[in-house]
Amino acid sequence: MRNDRKKRKRLQQTKCKEDEALNAVSVRIQKEAIQKDRFLALARKYYLKWRQVNEAHKTLQSKANNLSMSSRFGTNPRLFLPQSTISDKNIPEISRCHLMAPKDKDGKDTTVHLGHGVFGKCEKMFYKGIPVAIKLYNNLSSIQDIRREADVMARCSHPSIPHIFGVNLTQKPYFLVSYFYGINNCTKSCTLYHALRSPTITLTKYCAGKIMLELCQALQHLHLKQLLHRDIKSDNILLTTLHTGFHPMLIDFGKSIEVSEAISKKKCLSAHEQDDYRKKYRHIAPEIILGQPPSFASDLFSFGVVMSDVSGNIPFELCFFEGQRKCLEEDPKLRCSVSYLLNQLETNASLCNK
Ligand SMILES: Nc1ncnc2c1ncn2[C@@H]1O[C@H](COP(=O)(O)OP(=O)(O)OP(=O)(O)O)[C@@H](O)[C@H]1O
Ligand SMILES: [Mg+2]
């Protein structure tokens, strides 16, 4: 009898334990089901978001492709795709001891100053017997800035863009070495700004038209490489003499950037600063002063200012003025493309030649 009772009690205890275990399992299953639902809802939410983003990306890409196809700047879709920043090309390092100063009449070393600006000064020297222009930087330029300037020059290969020999970035003052472009036997260089004001230099209608045409070809070369000059003005154009007459050189790539970096170069100026900027930097496009990023169109505006400097002195054909007018449009969207301008300048050159 007692044994029976004990047996029943034990059975009851094991049943209780089994019930508890069952309860625990069902609670766990319930919890897991709730969690599964939560994860499913989250997955659905993120999937929908991903689809939205993906679709937006696709429409943007197709818009970019359409734009590039109908673009004034040609059919290169790369214009609208993310670009790499300027590459770190292998530009030779030139040691100071390989540079020789020009000599005076007595055979003594002299310094020939070519010019100076905000970022340093320029001197004429000789490198392996070749006349070169040494751009010596002050402390305002970082190694990165100088490397960028050198890299832009090294990436270009055009008769109106200076040949770069190398840089020195190991010992201050850092410098950049490029071929020296001068006029005849003159030891100094001559900018277009000076040529237009010089009583001894006469630019004929044909010669000035040819200079502008060759400069425009250099600009097209730069733009096709996805590069912006950002400082086109008559001080940054040199004249050199060839057997065919004057030949222009576009210089000073200190502000040049890849078009993909343009957005990071937006200016933020107060109304007062904007007024100052307009007076001081006539060659800078109006939209840049208002805070828009630089563009191919803003380079064309600066080019238009150079054209107006030249046409102020020399009579040109109508198509020259038409190109100039289109470059100087206030609205960058209304400005002409570099290829349109090239066409106008070619027509002008052929008319001047008649
Ligand atoms: N390759 C060259 N050959 C001959 N002269 C040169 C050459 N490069 C530069 N120069 C001369 O040095 C001057 C200054 O050069 P550059 O414009 O590159 O310097 P910069 O310091 O950036 O000047 P800025 O700040 O005034 O624009 C030019 O105006 C020109 O007279
Ligand atoms: Mg300059």
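Author: Happy to! Let's begin with helix 4 (residues 205–224) and helix 7 (residues 296–311), whose axes come within 12 Å and cross at roughly 170 degrees. Because angles over 145 degrees count as roughly antiparallel, helix 4 is roughly antiparallel to helix 7. Keep in mind that you are looking at a predicted model.

Now find the residues that make the contact. Helix 4 brings Ala208, Met212, Leu219 and His223, while helix 7 brings Phe296, Asp299, Phe303, Met307 and Val310.

Met212 belongs to the largest nonpolar core, which has 68 residues, and is among the members that touch the most others, along with Met153, Leu215, Cys216 and Leu300. In soluble globular proteins, nonpolar side chains tend to be buried together. Take Leu215 from that group: setting aside residues up to four places away in sequence, Leu215 touches Ser160, Ile237, Pro248 and Leu250.

Next, look at Glu287, which lies in helix 6 (residues 286–289). With 18 other C-beta atoms within 10 Å, Glu287 is partly exposed. Beyond its neighbours within four places in sequence, Glu287 is in contact with Gln292, Ser298 and Pro332. The chain also brings Glu330 to this spot: the C-alpha atoms of Glu287 and Glu330 are separated by 7.8 Å, although the two residues are 43 apart along the chain.

Let's move to Lys135, found in strand 4 (residues 130–137). An unreviewed UniProt entry lists Lys135 under "binding site". Is Lys135 buried or exposed? Lys135 is buried, because 27 other C-beta atoms lie within 10 Å. Apart from residues up to four places away in sequence, Lys135 touches Gly120, Cys122, Phe175 and Leu176.

A few loops are worth a stop too. Lys128 sits in the loop between strand 3 (120–127) and strand 4, and its phi is near 55 degrees, a positive value in a residue other than glycine. Lys128 counts as exposed, because it has 10 C-beta neighbours inside 10 Å. Asp252, in the loop between strand 10 (245–250) and strand 11 (257–258), also has a positive phi, near 60 degrees. Asp252, however, is buried, with 22 other C-beta atoms within 10 Å. Finally, visit Pro173, in the loop between strand 5 (164–168) and strand 6 (175–179): the peptide bond from Lys172 to Pro173 is cis, with omega near -5 degrees.

Methods. Residues numbered from 1 in each chain as written. Chains lettered and ligands numbered in written order. Predicted model: local features only at pLDDT ≥ 70, side-chain atom pairs only at ≥ 80, totals over all residues. Core = buried A, V, L, I, M, F, W, Y, C linked by C-beta atoms within 7 Å. Buried ≥ 20, exposed ≤ 12 C-beta atoms within 10 Å, placed from the backbone. Contact = placed C-beta atoms within 7 Å. UniProt positions renumbered as here; feature names shortened; annotations may be inferred. Helix = DSSP H or I, 4+ residues; strand = E, 2+ residues; numbered from the N terminus. Axes fitted to C-alpha atoms, helices over the stretch in contact; angles between N-to-C directions. Parallel < 35°, antiparallel > 145°, perpendicular 65-115°, else oblique.
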